[in-house]
Amino acid sequence: MSTKKVAIACQGGGTHAAFTWGVLTQILETKKAWDADTGAAEKFDIIAISGTSAGALCALATWYGLVPNTADADCGTIDKAIDRLDFLWTNFAATTPVEIAHNQMVGTLLQWKAKGVPFPGSNPYAGHGNVGLTALAMMGARSDYLGFPDLLDALCPDFKTIDWAAVAKADRRILVGAIEVLSGNFEIFDSNKTLEQLGLLSSPPKVDQYDVTRWRMRRAISLEGVAASGTLPEILPAQVIGNTTFPTCEPNKVITRNAYYWDGLYSQNPPVRNLLDVGTKAEKPDEIWVVRINPQEISPQSQKVSLEDIKDRENDLAGNLSLNQELDHILTINRWIAEHGDSHPPLRGRKIVEVRTIKMRRETAWGLQHTSKFDRSADHFAKLRDEGKAVAEQWLADWRASGKDFASYPNDAHYPEPA
């Protein structure tokens with residue numbers, strides 16, 4: 001019997017990421033069942049999870065449930081991770097009468113806009129936006145529904161009492177991606193950075209990120225960082241995190257200022273290559289499972305004629321651009337190792353990592369509309385969750401049965417040609 005070390009990368013894509021809710025729930029339920037089975041069939045362990053935007057919310061819910069917490073004995077278990085995923089999507093859904101009415105109104109306006117009805121552009125910095133949120137709250141909308149800060153506080157009520165020493169021993173890592181607006185940095189909020197700052201990381205990085213000017217930075221994991229990953233600039237003002245340190249073009253000189261973050265779609269959707277940035281070969285995952293929300297391909301019969309349809313496809317392509325570049329980097333390293341071995345620099349310390357894709361059924365992916373990325377109805381969430389569970393159940397069964405012959409990226413990112 002062997003146990004594969006697995007990292008899961010959760011792509012963002014608005015509320016379509018409810019599919020990821022189902023996928024992760026099924027993965028966790030399957031792991032629990034397989035761990036209880038004393039048979040010799042292959043098993044897996046989740047050593048890391050990454051995400052962007054709504055995928056970052058899913059990653060946080062899963063990771064928070066899986067890591068030990070001194071204030072909550074239920075944390076550090078699969079059951080708690082499933083509970084947190086359920087809590088996230090149940091609370092994020094429109095449930096009160098005013099929330100349901102607001103969600104329906106937003107959906108109607110988006111559909112009208114897609115049909116060419118002119119509407120003035122929205123500005124998240126305009127004062128009337130706050131007036132609208134206040135009015136919704138007065139009419140009965142929950143704070144969890146209206147904003148990420150309260151939602152994340154409710155999702156992770158004991159975040160401050162995470163047992164970081166136990167996290168280091170358990171080998172559970174989370175990374176979420178965002179972009180810092182002023183510098184243009186690709187930034188990740190990383191639990192390994194937290195361990196590093198606490199002196200608990202067994203193999204800290206040898207390179208100090210502040211020694212040189214670079215456009216990639218690591219920060220300690222925080223709820224503010226997860227909120228930053230989901231800050232769509234057309235809807236929300238930039239997430240501000242104060243007292244943030246940045247390198248400069250002058251050697252050994254840094255500056256400290258407020259950092260302003262937008263959605264991780266503009267940087268990494270989701271972070272993947274960073275999953276391999278660990279101290280030793282043994283700490284690297286054997287496989288990376290990518291939960292893809294934005295389809296790589298769309299139907300040949302699609303008629304992208306409206307401006308909103310074009311913008312939606314641009315969003316798909318932008319989100320997949322960084323993902324595919326990072327996955328291609330991993331495949332290149334895999335090919336070099338296969339051809340030249342890993343006994344000499346620069347391949348020493350690297351390993352072949354299988355990359356696999358979990359995606360929606362073709363009919364679902366090609367049938368969803370861009371307007372439904374903003375649909376927060378409970379029924380919409382439930383349909384995507386159920387699809388995610390069904391897809392993941394079959395995917396895991398095939399993964400176990402097929403072994404090394406199981407499909408991998410890039411072939412498994414394709415859909416079969418329609419009949």
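In this predicted model, R172 is buried, with a relative accessible area of 16%, and its side chain meets that of D45 in a salt bridge with an N to O distance of 3.5 Å. D45 lies in strand 2 (residues 43–52), whereas R172 lies in the loop between helix 8 (164–170) and strand 3 (173–180), so the pair ties together parts that are 127 residues apart in sequence.

The structure holds 25 salt bridges, among them one between the side chains of D190 and R173, with an N to O distance of 2.7 Å. Because D190 lies in strand 4 (residues 186–190) and R173 in strand 3, this pair ties together parts that are 17 residues apart in sequence. D190 is buried, with a relative accessible area of 0%, and R173 also counts as buried, at 6% relative accessibility. Both residues belong to a network of salt bridges that links R173, D190, K193, E196 and R218. A further salt bridge joins the side chains of R356 and E287 (3.1 Å, N to O); R356 lies in strand 9 (residues 354–359) and E287 in strand 8 (residues 287–292), so that parts 69 residues apart in sequence are tied together. Both R356 and E287 are buried.

The helices were examined next. For helix 3 (residues 78–92), the 15 residues should span 21 Å at 1.5 Å a residue, and the end C-alpha atoms are 21 Å apart, in agreement with that expectation. The buried residues of helix 3 are I78, K80, A81, I82, R84, L85, L88, W89, N91 and F92, and the elements that cover them include helix 1 (18–36), helix 2 (54–66), helix 6 (143–146), helix 7 (148–155) and helix 13 (378–402). Helix 4 (residues 97–114) contains W112, a residue that is partly exposed, with a relative accessible area of 45%. Together with M105, L109 and V117, W112 makes a nonpolar surface patch of about 360 Å².

With regard to the cysteines, the structure holds zero disulfides. The sulfur of C10 is 6.1 Å from the closest cysteine sulfur, that of C58, and is therefore too far away for a bond. C10 is buried, with a relative accessible area of 0%, whereas C249 counts as exposed, at 74% relative accessibility.

Notes: Residues are numbered from 1 along each chain as its sequence is written. This is a predicted model: local features need pLDDT of at least 70, side-chain atom pairs count only at pLDDT 80 or more; totals for chains, interfaces and linings use all residues. Side-chain values use heavy atoms; hydrogens and water are left out. A disulfide is a pair of cysteine sulfur atoms within 2.5 Å. Buried means under 20% relative accessible area, exposed over 50%, partly exposed in between (1.4 Å probe, protein chains only). Helices (H or I, at least four residues) and strands (E, at least two) are DSSP runs, numbered from the N terminus. The expected span of a helix is 1.5 Å times one less than its number of residues. Contact means heavy atoms within 4.5 Å. Patches are made of residues with over 30% relative accessible area and no salt bridge: like charges are joined within 9 Å, nonpolar side chains (Val, Leu, Ile, Met, Phe, Trp, Tyr) within 5 Å. Accessible areas come from the Shrake-Rupley method with a 1.4 Å probe; for residues, only the protein chains shown count as cover. A salt bridge is a side-chain nitrogen of Lys or Arg within 4 Å of a carboxyl oxygen of Asp or Glu.
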